[in-house]
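Here's a quick tour of a protein model with two ligands.

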Amino acid sequence: MRIFNTLTRNKEEFKPVTPGKAGIYVCGPTVYDFIHIGNARPMIVFDTLRRYLEYRGYEVNYVSNFTDVDDKIIRRAQEEGVEASEISERFIKECKTDMEALNVRPATVHPQATKEIPDMIEMVQQLIDQGHAYCVNGTVYFRTRSFDGYGKLSHKNIDDLESGHRDEAHRLKVSGEDEKEDPLDFVLWKPKKEGEPFWKSPWSEGRPGWHLECSVMSRKYIGGTLDIHAGGEDLIFPHHENEIAQSEAANNQTFSNYWMHNGFLKIDNEKMSKSLGNFFTVRDICGKYDPQVIRFFMLSAQYRSPLNFSDQLVETAKISLERILNGAEKLEGIVAKNNGKELSDAEKKLLTEELPGYVEKFNAAMDDDLNTADAISAIFELVRFTNASTDTETSSTFAKALYDTLFTLSDTVLGIHLTRSAAEISDDEVAKIEALIAERTAAKKEKNFARADEIRNQLSDMGIVIEDTREGVKWKKA
Ligand code: AMP
Ligand code: ZN
């Protein structure tokens with residue numbers, strides 16, 4: 001597999017530290033509210049990376065944190081008059097509910113900053129002992145210029161960064177807040193303010209800086225060198241740059257061999273923000289659309305390209321996904337009949353000579369820096385092939401072989417189920433639909449076609465389409 005590495009700005013062949021294994025660390029959300037639809041992009045994309053590597057035989061150790069102590073969490077806790085941990089635990093739970101809806105598998109480990117404080121203190125002490133950090137009035141800073149490679153991920157020059165800080169440095173000097181040796185230095189440990197959660201440390205009662213947690217938790221749960229570190233492109237600077245500085249200074253080894261960053265999701269071509277009124281949580285969106293349509297939509301673009309989200313584009317994704325689901329349904333129908341036919345010679349030929357080509361095409365797309373857009377095109381081609389090569393004479397064994405292949409690529413690897421989600425329709429609604437269909441069948445028997453049409457329209461208004469087939473009436477959500 002080739003991966004575009006932000007560090008080198010090249011696509012490189014993936015070579016893990018330990019053959020057959022992959023250690024992946026993905027920066028997770030800060031849990032002060034429901035996750036938004038932008039947060040879902042890295043979750044879905046890197047969950048798909050994990051699934052693909054597993055399908056290719058790797059044993060994957062997938063670690064993704066929850067940032068559970070932060071100014072925003074503390075502010076919300078103060079507004080609600082509860083402990084910060086109550087807010088973070090509440091939204092970790094809600095985040096896991098959303099992940100499950102989007103078929104994002106739980107990580108091997110989901111570490112939380114507040115549960116790893118002793119290890120954070122240990123790394124800060126190590127950096128102080130090595131001369132990479134210093135303490136002023138209870139705050140510990142990383143001495144950025146002590147780390148030679150600073151700027152290598154974001155491709156920034158340290159002197160340019162320094163001059164960018166000149167105004168701020170001046171302001172701090174004037175206001176007397178200037179306690180850093182250098183404006184580029186960043187916080188590893190900060191003392192508490194009144195009413196904030198805190199932990200005891202050799203420097204002050206306080207809490208760790210945000211960048212530190214990922215360096216500490218990735219080392220603890222994966223090791224000194226990660227195979228892949230991932231997150232959204234907004235994290236490249238300063239978050240990931242600072243993680244590299246801390247980890248490589250402390251561990252004296254490469255922090256991560258590959259860096260993957262997803263592009264941003266925009267809403268109607270605008271940045272999503274609460275003030276613009278175009279801010280959507282995953283929970284809002286999943287109330288409106290089947291979550292697997294959202295997953296399919298997210299994977300319909302290669303992860304590094306920007307992705308625009310709009311009702312119209314999601315509707316288009318929904319129609320595209322239908323083609324795959326209809327193809328799967330046709331195969332399932334043949335399998336369910338279980339006609340006991342042997343594979344014909346023509347079917348054997350299709351399985352050995354044609355089917356593997358579609359799988360190879362899918363794999364080649366995924367091997368090319370996780371190009372899920374092209375991988376989905378390969379699935380469409382596969383569906384066209386399965387539609388064209390099956391009919392009433394097809395053996396169930398042949399249909400099953402086709403279905404299994406489609407299932408592996410779509411469900412196992414991309415995480416997109418082949419069956420329609422029934423979750424959108426409640427049991428009561430199902431009962432009501434079936435009662436109306438029974439009434440329509442009775443009306444037709446009595447040749448009361450006006451009533452039958454009336455019921456069909458009523459169902460259509462409920463968003464239900466019906467189809468009269470030889471096996472009876474079938475219905476589905478439009
Ligand atoms: P945060 O909680 O803001 O730290 O974000 C958690 C993850 O979501 C990070 O990997 C971010 O880069 C990513 N993220 C945030 N907003 C967006 C967006 N609009 N599009 C894509 N990824 C995003
Ligand atoms: Zn991080």
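Is the site of the zinc ion (ligand 2) irregular or tetrahedral, going by the angles among its four donor atoms?

## Ground rules

This is a predicted model, where local features need pLDDT of at least 70, side-chain atom pairs count only at pLDDT 80 or more, and totals for chains, interfaces and linings use all residues. Residues are numbered from 1 along each chain as its sequence is written, chains are lettered from A and ligands numbered from 1 in the order written, and side-chain values use heavy atoms, without hydrogens and water.

## The zinc site

The site is irregular, with donor angles of 74 to 125°; tetrahedral would need all angles between 85 and 135 degrees. Cys27 (SG), Cys214 (SG), His239 (NE2) and Glu243 (OE) coordinate the zinc ion at 2.0 to 2.5 Å (donors are N, O and S atoms within 2.8 Å of the metal). Their sequence spacing reads C-x186-C-x24-H-x3-E.

## Around ligand 1

Ligand 1 has 16 residues around it (a heavy atom within 4 Å): six nonpolar, nine polar and one charged.

A nitrogen atom of ligand 1 sits 2.9 Å from a polar backbone atom of Leu265.

Conventions. Polar contact = N/O pair within 3.5 Å; in protein donor to acceptor, adjacent residues only side chain to side chain. Nonpolar A, V, L, I, M, F, W, Y, C, P; charged D, E, K, R; others polar. Donors = N, O, S within 2.8 Å, 3.2 Å for Na, K, Ca; no water. Tetrahedral: all angles 85-135°; square planar, octahedral: opposite > 155°, others 65-115°.
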